[in-house]
Amino acid sequence: MKELTINKNDSGQRADKFIAKSLPGLPKNLMYKYLRMKRIKLNGKRCEISTRLSEGDVMQFYIGDEFFSHEPDKYDFLSVPSSLSIVYEDENILLVDKKNGLVVHEDDENTTDTLINRILHYLYEKGEYRPDEENSFTPALCNRLDRNTGGIVIAAKNAESLRILNQKIKDREIEKRYLCITAGIPPKPHDTIKAYLEKNSRDNTVKVTDKKSPANKTIITSYKLLRKDSRLALLEVKLETGRTHQIRAHLAHIGCPLLGDGKYGINKINREYKIKTQALYSYKLKFVFSSDSGCLEYLNNREFTVEDVWFKDKFLN
């Protein structure tokens, strides 16, 4: 028999979710069978699937040792660098300036050197993350950026912060602003534009049109012109909706594709400026909580900015 004590990061979860995370080698059908047979108990009593766990609860497992096997010395994240460009950090969250070319999670190529693995290595070195002491929680990213888009990514260090931030993002209580360079000058110095976007999962592209259909979704994008020359424009962009490739595809739709964009841009212009990745950066983030924010209330109305945006002063005077 083995026991797992519910810690702060585990509390509030359903019993089946906790077990699935804590014992990833235990098949789900077998987990449900063991719960019915009382070979998995909570505080010495029958454990229901939907039971919400509380800190200090003890779960007993009368199952084979093979489901608990792990090798704490061989964590994948220890093989990647722990270097990060940190915008802000406290005991609950980490704001990281992700550079172009780095993926946030493992991709189809099973890339190990990801932003989340670098963060885990960093926190491990600081002593803030000990995988062998956690039953079910791993520090996690709350938002993501494409490989070739740089900017601020939010990581939660504990389960409570992760739950709060995920809800705040869903409720649009975290504002993000982007800088980009377009090949073409927008028709107005500032505007809020609306269109409809349809995603093609087969080739990871999207199509933007001015007509609504059952297959597409509404997109709304606001922009402000900061600087321009005869061909290029530096814009600050705010997403009113958050769809795949929205900024890239929406601006291309109005005749102002991003400089360097290989999917939606103009390759002739990209080659002329010798740029191979889209000039797009999530450079500013502000917490604008309008509802209860629990342990993160101190972040309300705080704003964070990345000053070193690689293309900002490179292509326009």
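Strands β10 (residues 190–200) and β11 (residues 205–209) run antiparallel and are joined by five bridges; two strands count as paired if DSSP finds at least two bridges between them. Helices (H or I, at least four residues) and strands (E, at least two) are DSSP runs, numbered from the N terminus. The structure is a predicted model, in which local features need pLDDT of at least 70 and side-chain atom pairs count only at pLDDT 80 or more, while totals for chains, interfaces and linings use all residues. Residues are numbered from 1 along each chain as its sequence is written, and side-chain values use heavy atoms, with hydrogens and water left out.

Within this pair, Glu-198 stands opposite Lys-207 of β11. In a regular strand the side chains alternate between the two faces of the sheet. Buried denotes under 20% relative accessible area, exposed over 50%, and partly exposed the range in between (1.4 Å probe, protein chains only). Four residues separate β10 from β11 in the hairpin.

## Positive phi in two loops

Asn-204, in the loop between β10 and β11, has a positive phi of about 55° although it is not a glycine. Asn-204 counts as partly exposed because its relative accessibility is 40%.

Asn-301 lies in the loop between β14 (280–287) and β15 (303–305). Its phi is also positive, near 70°, in a residue other than glycine. With a relative accessibility of 54%, Asn-301 counts as exposed.

Four strands form an open sheet in the order β1-β4-β2-β3, with antiparallel pairing. Its edge strands, β1 (2–5) and β3 (45–46), each pair on one side only. Four bridges join β1 to the antiparallel strand β4 (residues 58–61), and Lys-2 has Phe-61 as its bridge partner in β4.

Helix α1 (residues 15–22) lies across β1, β2 (40–42) and β4, at about 60° to β4. For such angles, axes are lines fitted to C-alpha atoms, for helices over the stretch in contact, and the values run from 0 to 180 degrees between N-to-C directions. Tyr-32 belongs to helix α2 (residues 28–36) and counts as partly exposed at 28% relative accessibility. Leaving aside neighbours within four places in sequence, Tyr-32 is in contact (heavy atoms within 4.5 Å) with Asp-16 and Ile-49. The C-alpha atoms of Tyr-32 and Thr-209 are separated by 47 Å, with the two residues 177 apart along the chain.

## The pocket lining

The lining of the largest pocket has nine nonpolar, 13 polar and 18 charged residues. Here Ala, Val, Leu, Ile, Met, Phe, Trp, Tyr, Cys and Pro count as nonpolar, Asp, Glu, Lys and Arg as charged, and the others, Gly among them, as polar. Strands β9 (174–183) and β13 (232–239) and helix α5 (246–253) each supply at least two lining residues; β9 gives the most, with four.

## The chain as a whole

The chain contains six helices and 15 strands. Its C-alpha trace spans about 75 × 45 × 40 Å along the principal axes. Of the 317 residues, 46% are buried. Among contacts between residues at least 6 apart in sequence, 65% join residues at least 24 apart.
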